[in-house]
Amino acid sequence: MSFPTRLRYRASSLIRYNLSLPITTNILEGVSDIRDESDRTGMRIVLELKKGSDPSIALENLYRLTALQSSFSCNMVSIIDGQPKLMGLKQLLQAFLDFRCSVIERRAKFKLSQAQDRKHIVEGIIVGLKNVDGVIDILSKSSSNIITSAALRNAYNLSETQADALLGLTLRRLTLNESKKYMDEARLLTEEICKLSELLSSKKLILKLIEQEATELKNKFSTPRRSMLENAV
């Protein structure tokens with residue numbers, strides 16, 4: 001007996017008919033009967049072999065004379081740099097790898113820009129907290145936010161963004177002296193900026209990250225592979 005438990009890509013329930021036809025017409029020698037014993041637990045097709053039949057020869061004939069194994073074509077045309085291009089498997093894989101590199105580079109640049117902007121603001125807040133008495137004095141004497149912002153910039157050599165961030169803090173937060181909190185954040189931002197800059201300067205690190213993320217996806221959505229890539233004969 002032979003017990004197929006998997007079918008090729010896109011095979012349907014008609015596979016039983018495609019198998020039984022060569023058997024009933026005696027095209028497929030060595031096989032006497034076919035039964036579909038598939039149920040909710042999985043697929044199972046039972047092939048009864050004639051007495052004295054060689055199972056390996058019968059299996060070879062099944063692949064050769066029935067729809068149990070067949071080939072199908074793929075459209076290997078891809079859009080590269082806005083232009084359609086016919087590609088081989090190696091070229092497709094290289095194009096995907098190049099795409100993943102560009103995605104990681106764009107993502108790293110965006111995160112780097114965010115971290116640098118935030119660090120700039122945090123550094124201004126730290127300056128204000130270290131000079132909290134002077135900041136409160138400026139706040140109490142100024143009649144508008146525009147005047148206060150200009151006074152803070154002139155007094156502590158801050159940028160407009162840093163001065164506006166200080167103005168956004170409440171008086172209560174200023175008097176709580178949260179310098180350590182912002183200094184810790186500045187330290188973490190500095191580490192993040194160093195890592196992102198190092199990543200962007202190294203193709204090797206980018207490829208390593210691609211491999212790491214692919215492994216994480218594999219572990220998260222892992223299912224046993226049901227097909228194999230074989231060398232063409």
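**Reading a predicted helical model**

Author: Three helices each supply at least two residues of the lining of the second largest pocket: helix 3 (89-130), helix 8 (179-200) and helix 9 (203-220). The model is predicted, and the values below are computed from it.

Reader: Which helix gives the most to the lining of the second largest pocket?

Author: Helix 8 does, with five residues.

Reader: How much space lies in the second largest pocket, and which lining residues are closest to its centre?

Author: The second largest pocket holds about 270 Å³ of space. Its lining has 13 residues, and those closest to the centre are E192, K195, L196, L199 and L209.

Reader: What is the make-up of that lining by class?

Author: Six of the lining residues are nonpolar, six are charged and one is polar.

Reader: Let me step back to the whole chain. How many helices and strands are there in the protein chain?

Author: The protein chain has nine helices and four strands. Read from the N terminus, their order is α-β-β-α-β-β-α-α-α-α-α-α-α.

Reader: What share of the residues counts as buried?

Author: Here a cut-off is needed: buried means under 20% relative accessible area, and exposed means over 50%. On that basis, 27% of the 233 residues of the protein chain are buried. The chain exposes about 17100 Å², and 54% of that area is supplied by carbon and sulfur atoms.

Reader: What share of the contacts joins residues at least 24 apart?

Author: Take the contacts between residues at least 6 apart in sequence: 56% of them join residues at least 24 apart.

Reader: Now a single helix. How do I read a pattern of buried residues along it?

Author: Start from the general idea. An α-helix has 3.6 residues a turn, so residues three or four places apart point the same way. Then take the case of helix 4, residues 132-141, where V132, V135 and I138 are buried. Viewed down the axis of helix 4, these buried residues fall within an arc of 125°, so they line one face of the helix.

Reader: Which exposed residues does the face of helix 4 turned away from its buried side carry?

Author: That face of helix 4 carries D133, S140 and K141.

Reader: Which residues are buried in helix 2?

Author: In helix 2, residues 55-65, the buried residues are A58, N61 and L62. They cover an arc of only 105° around the axis, which puts them on the same side of helix 2. The face turned away from that buried side carries the exposed residues E60 and R64.

Reader: Back to V135. Which residues does V135 touch?

Author: V135 lies in helix 4 and is buried, at 1% relative accessibility. Leaving aside residues up to four places away in sequence, V135 touches G128, L152, Y156 and L174.

Reader: Is R100 buried or exposed?

Author: R100, a residue of helix 3, is buried, with a relative accessible area of 18%. The cut-off for buried is under 20%. R100 touches I210 and E213, again not counting residues up to four places away in sequence.

Reader: And how does K181 count by its relative accessibility?

Author: K181, in helix 8, counts as partly exposed at 45% relative accessibility. K181 and V122 are 59 residues apart in sequence, yet 10.0 Å apart in space from C-alpha to C-alpha.

Reader: One more feature, the backbone angle phi. Where is D81 placed, and what is its phi?

Author: The phi of D81 is near 55°, a positive value in a residue other than glycine. D81 sits in the loop between strand 3 (77-80) and strand 4 (83-86). D81 is exposed, with a relative accessible area of 78%.

Reader: In which loop is N157 found?

Author: N157 is found in the loop between helix 5 (145-156) and helix 6 (160-168). Its phi is near 55°, a positive value in a residue other than glycine. N157 is exposed, with a relative accessible area of 70%.

Key. Residues numbered from 1 in each chain as written. Predicted model: local features only at pLDDT ≥ 70, side-chain atom pairs only at ≥ 80, totals over all residues. Heavy atoms only, no water. 1 Å grid on protein atoms, 1.4 Å probe; cavity = no way out; pocket = protein on both sides within 12 Å on 5 of 7 lines; lining within 4 Å. Points joined across faces, edges and corners; volume = space filled by probe spheres on them. Nonpolar A, V, L, I, M, F, W, Y, C, P; charged D, E, K, R; others polar. Buried < 20%, exposed > 50% of the residue type's maximum accessible area, 1.4 Å probe, protein only. Arc of directions from axis to C-beta. Contact = heavy atoms within 4.5 Å. Areas by Shrake-Rupley, 256 points an atom, 1.4 Å probe, with all protein chains shown as cover.
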